[in-house]
Amino acid sequence: MAEDSDLERTEPASAKRLSMAREDGNIPRSRELSTFAVTMAGVSLLMVLGGKMASFLGDTMRHLLTFDQSTVQSTEPVLLRFKEAIFGALWQLAPFFAGLALVALFVPMLIGGWNLTLKAVGPNFGKLNPLPGIGRLFSLNSAAEGLKAILKSMLIGGIATWYIWRERGEIIGLLAMPLESGILKMTDMIIHTFFIVASAMILLVALDVPYQLWTYYKKLRMTKEEVKQEYKEAEGSPEVKGRIRQMQREAARKRMMQEVPKANVIVTNPTHFAVALKYDEGMRAPQVIAKGSLKLAEKIIDTGKDCRVPVMRSPSFARALYFNAELGEDIPAPLYAAAAQVLAYIFQLQQYQAVGGMAPVFPDKLEVPAELDPYSKRPQDSAPEESL
């Protein structure tokens, strides 16, 4: 499909896709980096340990090839000497091979890190299909690998040829040197040649490492549709999440409406906002147990009236409570004075309705800070508070 083509894979790989690739054993690697590191390590170890190893091997060969009469007449001493020589050689060569093994093991971590997985060695019958292999032969990656091989051959061959030509006089002079000193001199020249050639491979490493990283992340790019699908799988479908949020809001609204009959007073705007306040003895401050705007405000007012909860019209106080107080929490401290006026009026009104006496005076000037009422500067909101 066109949407799955490389031209459409414009999005970088997600963390999940990178993790899945690592689980499948797909991680960035650079052969040139490993080859360079192992070669340089081998040359460096030869320069440090080469003399000692050569001396030991020479002594071992002299010991093996020196025979006395008893050795000639019996094969057992020869086999014993051969066994000792092999174990001695392995012991002497152990640091060299251990160093190479450590370098070969740890250097790939520089661009890919550790990755222990069994999926990479599991059976994959898709690899038996020759068509993908034929396709890879004519891919951009194959062309790049071929160009890299040509460049490597030219670089290494050219530098080796240049160095040998430069040292041709020294090489010819080896013919006139004694055997032992000639061998030492030749060994020294070979090590230096390998060192120079290996150093030249830095150029290949500098080109190959960025290319391998670029190729790796390019292959893992995603289409916009894949990004959307992965997001849906990780976070859930937006439609389902929206439905869940709607159900949560409906459940919260239902619980809130069940609290309205417990309110002491409902403060309104008169119809745009409605806030139900509750205050019991022992509470630190009045709490908002329900609030809403427009249709929900009307529903709160109707429920309050049905349950004989006093409904008080106070636009600025209602707006201040609606915008600054949270459900189930105490009202803000700057509104304590206004709330005290309202609750005092409500309690006095209930007392008056129960036993009679002097009717309470409606508090038409509540102490509501202007900064808590977002509409306090509007001309239509400057009228006095309305009574019940």
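**Reading helix, strand and patch features**

User: Where is the place of Ser199?

Analyst: Ser199 sits in helix α9, residues 179-200; helices (H or I, at least four residues) and strands (E, at least two) are DSSP runs numbered from the N terminus. This is a predicted model, in which local features need pLDDT of at least 70, side-chain atom pairs count only at pLDDT 80 or more, and totals for chains, interfaces and linings use all residues. Residues are numbered from 1 along each chain as its sequence is written, and side-chain values use heavy atoms, with hydrogens and water left out.

User: Is Ser199 buried, partly exposed or exposed?

Analyst: Buried means under 20% relative accessible area, exposed over 50%, and partly exposed in between (1.4 Å probe, protein chains only). Ser199 has 26%, so it is partly exposed.

User: Which strand does β3 pair with?

Analyst: Two strands pair if DSSP finds at least two bridges between them. Strand β2 (residues 273-278) pairs with β3 in the antiparallel sense over six bridges. Leu277 has Val288 in β3 as its bridge partner. Of the seven residues of β3 (residues 287-293), five are buried.

User: Which residues gather in the patch of positive charge?

Analyst: Like charges are joined within 9 Å, placed at NZ of Lys or CZ of Arg. Here the surface patch holds Arg245, Arg249, Arg253 and Lys299. Helix α12 (residues 238-259) gives the largest share, three residues. Arg253 lies in α12 and is partly exposed, at 41% relative accessible area.

Note on methods:
Patch = residues over 30% accessible without salt bridge, like charges linked within 9 Å, V, L, I, M, F, W, Y side chains within 5 Å. Areas by Shrake-Rupley, 256 points an atom, 1.4 Å probe, with all protein chains shown as cover. Salt bridge = Lys/Arg side-chain N within 4 Å of Asp/Glu carboxyl O. Lys, Arg positive; Asp, Glu negative; His and termini not counted.
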